[in-house]
Amino acid sequence: MQGNIVLLKILMGFFSWSIIKLLKSTFGEIAMKSRQRQKDILFSLIVFFSAFAVNLLIQKLFTTQTLVPMIFVFGVFLISLKTHGYCYGIISAIVSVFAVNFAFTYPYYAFDFFVEESILSAVIMLVVAVSTSTLNIRIRDQEKLRSENEKERMRGNLLRAISHDLRTPLTSIYGSSSTLISKYDALPKEQQLKLLGEIQEDSEWLIRMVENLLSVTRIDGAKVEVVKTPTVLDELIDSVLMKFSKKHPNQKVITQIPDEFVDIPMDSLLIEQVLLNLLENAVFHAKGMTELMLSVSLVGDKAVFEVADNGCGIPEDALQKIFTGSYEKSAAPVDGTRSNMGIGLSVCAAIVKAHGSDITAENRKSGGAAFRFALERGGEDDGQ
């Protein structure tokens, strides 16, 4: 009896420490989204009642009770592993101790906490819950740190690319304008028009670069979320084609979209930027292209966007890093005369990711490249 009292004191001390942890975790999770809380609560209830049902089945089929604490311990482990914070694991451990003591320990359907088996089960379950939750939190923190490091790496790649890409057109604009000013009377009209055309071309390229950078600014940072509003697919495609034709009047775009009315929650300005970037990317980099296609297909509850061409395709070694914004100057078939392809595509990847999806690129068997991303057709328009 004296040994049981000592164990009970140890258990009470551990319970006190667990309750402090529970309170800290509870107050820390007040700001957690309601949806995540509901998922954690539902998962905890499912695991607990599943463990309880399995033990009832074992009790009916077998005479041994040795598996009962192990099954509840495993349930506590799963809850602590899959939920957020200490709260759910510790509560499940406490409730599991009461369940084992009440329904699976003699005398049945009566509480007797001075049974050594109950005290040891309580200690083991609480240790499993706290240690697993601690490990889970550390793993999530490491994943968050890796994600932040990846963002910083991508930001650094963009800055390095921008520092080079801005210098080239600015130098060209400065040189052409200086030539016009200093030798205006000596230059023939054809030469003047050529220099003015180069200035216009480089200026348009700089405008596209600034538009991409502004798009990145809108979605950069963990606290910034896109605001999704229902957008009619036909109107989106018409707007993209109209803007594209103003910049590239000689380039025809073959479109394939569903005949039915399609309504997609999105930030229409950002998705327009993605489609324009992909179309212009084909114009500048798909050498030998004779067909440029923009299609949208419905797959389940998603709308799949695809921009495809029949040009030279993408080098295999560039496919893995095509959305990172980091390109080596030796990759001439990808970069062409200017290396802004990586910046434009990294902007596309960031915008699509902010909409809860991913963008992919692949070489077509018939020749050329294809870029695809999917958006949910239904859902909330609150910018999740």
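Colleague: What makes Arg372 count as partly exposed?

Modeller: Arg372 has 26% relative accessibility. Buried means under 20% relative accessible area, exposed means over 50%, and partly exposed is in between (1.4 Å probe, protein chains only), so 26% puts Arg372 in the partly exposed class. Bear in mind that this is a predicted model: local features need pLDDT of at least 70, side-chain atom pairs count only at pLDDT 80 or more, and totals for chains, interfaces and linings use all residues. Side-chain values use heavy atoms, leaving out hydrogens and water, and residues are numbered from 1 along each chain as its sequence is written.

Colleague: Okay, and what makes Arg372 and Glu362 a salt bridge?

Modeller: Their side chains meet at 2.7 Å, N to O. The rule asks for a side-chain nitrogen of Lys or Arg within 4 Å of a carboxyl oxygen of Asp or Glu, so this pair passes. Arg372 sits in strand E7 and Glu362 in strand E6 (residues 359-363), so the bridge ties together parts that are ten residues apart in sequence. Glu306 also comes in, linked with Glu362 and Arg372 in a network of salt bridges.

Colleague: How do you know where a strand or helix runs?

Modeller: Those are DSSP runs: helices are H or I with at least four residues, strands are E with at least two, and they are numbered from the N terminus.

Colleague: What makes Arg377 and Glu260 a salt bridge?

Modeller: Their N to O distance is 3.8 Å, so the pair still falls within the cut-off. Arg377 lies in the segment after E7 and Glu260 in the loop between strands E2 (254-256) and E3 (263-266), so parts 117 residues apart in sequence are tied together.

Colleague: Now the rings. How many aromatic pairs are there, and what makes Phe48 and Phe49 edge-to-face?

Modeller: The structure holds four. Phe48 and Phe49 are 5.4 Å centre to centre, with 75° between the planes. Rings of Phe, Tyr and Trp (its six-membered ring) pair if their centres lie within 6.5 Å; planes under 30 degrees apart are stacked, over 60 edge-to-face and the rest tilted. So both values qualify.
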